[in-house]
Amino acid sequence: MIDLRSDTVTKPIEAMRKAMYEAEVGDDVYKEDSTVNKLEELAADILGKEKALFVTSGTQGNQIAVLTHCVRGNEVLLEENSHIFYYEGGAISAFAGVQTRTLPSRDGAMDPLTVESAIRGNDIHEPETGLICLENTHNRAGGAIVPVSNMEAVYKVAKENQVPVHLDGARLFNAAVAERKLVKDYTQYTSTVQICLSKGLGAPVGSIIAGSESFIEKARKWRKRLGGGLRQAGVLAAPGIIALTDMVERLEDDHIHAKRLANGIRNIEGLSVINKVDTNIILVDTSEKGLSSKVYIERLKEKGVRAVSFGPTTVRLTTHHQVTKEQIDKVLFVMQGI
Ligand code: TLP
């Protein structure tokens, strides 16, 4: 089976399993796990923030960020197809008691003027804007890179209005590698950031949130309240260190594979690639084949290829470190036959 459902399906490489076995551990709720501490220091440095916190998942990291930044009754501005709005089970309203206000975008980049006009202040009738959320790369926009210049413009507006900015950077390293930038180039225009260790970077579990020292102290308490205070978590942090040190540069291979796959798909009658393919995600429209995404995905599965639906006639294919060039060519062969 060639599994292109997501880059979350990747299994830890041998060096990660070895590091898990050998990890020095302690009780992380007492901040005594030296491997977790090392991962958090490394991540804070890479992300250009004062402190970082190891959390169980991207979803938990985003939720902790909203809980820490906001109070109940706040409004959160976020892109209309963002993961926090679309795929987190309504958690920000369920847990943080905030309401969402979604804004349109072009390939994940919201217009700073639209953001500015959506910010609400202390009028007695209105909810106050507690947070602006960005996502880079943007998943539902097909792994699209939100330009640093756009992030800078949104951050400027946010600062002028004293509203914090949280970045869902689940795949931020994909953007940085594709644009030959540092992740700090993006995170300098955010108050806080969440990055996933368990997607293209290949760790089995975990995410990082990073921000100011006072933010992370409050976030640590929210993590505990949510049951995310882990004990000998060094066994999970150890592969995270390898993810950040050894697995970043190789994301370029995933991007090369994605472009190869997209180019091949463009030559198949009845299929069209509907995203820019900036990074490791390809969105394919199946409508001209007269097939729904569900049926198309079933046919792929029968022939040993897995994908997910991103809409009635949209299929998402995602490359990752367990997909080789030969497998990409095999997928194209399969798709030519459907
Ligand atoms: N995305 C998953 C699914 O939830 C859709 C995927 O397969 O792409 N932010 C972004 C931008 C994400 O894409 C994801 C996961 C998350 C946050 C949540 O991360 P986890 O799965 O660790 O909670």
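In this predicted model, Cys-133 sits opposite His-166 of β6. Strands β5 and β6 run parallel and share four bridges; two strands count as paired if DSSP finds at least two bridges between them. Strands here are DSSP runs of E with at least two residues, helices are runs of H or I with at least four, and both are numbered from the N terminus. Residues are numbered from 1 along each chain as its sequence is written. Since the model is predicted, local features need pLDDT of at least 70 and side-chain atom pairs pLDDT 80 or more, while totals for chains, interfaces and linings use all residues, and side-chain values use heavy atoms, with hydrogens and water left out.

β6 itself is well wrapped up: five of its five residues are buried, that is, under 20% relative accessible area with a 1.4 Å probe and protein chains only (exposed is over 50%, partly exposed in between). In a regular strand, side chains alternate between the two faces of the sheet. One side of β6 carries Val-165, Leu-167 and Gly-169, the other His-166 and Asp-168, and all of them are buried.

On to the rest of the sheet. β5 (residues 129-135) also pairs with β3 (residues 75-79), again in the parallel sense over four bridges, and Leu-77 has Ile-132 as its bridge partner. Overall, seven strands form an open sheet with mixed pairing, in the order β2-β8-β7-β6-β5-β3-β4. β2 (51-55) and β4 (99-103) are the edge strands with a single partner each, so one side of each has no neighbour in the sheet. From one strand to the next, the twist averages 20°. Helix α3 lies across β2, β3, β5, β6, β7 and β8, at about 170° to β7; contact means heavy atoms within 4.5 Å, and angles run from 0 to 180 degrees between N-to-C directions of lines fitted to C-alpha atoms, for helices over the stretch in contact.

α3 turns up again at the largest pocket, where three residues from this helix make the largest share of the lining. β7 (192-196) is also among the elements that supply at least two lining residues. A pocket is an open set of points on a 1 Å grid over the protein atoms alone, where a 1.4 Å probe fits, with protein on both sides within 12 Å along at least five of seven lines; lining residues have an atom within 4 Å of a point. The lining has 22 residues, with His-83, Asn-139, Ala-170, Arg-171 and Lys-199 nearest the centre.
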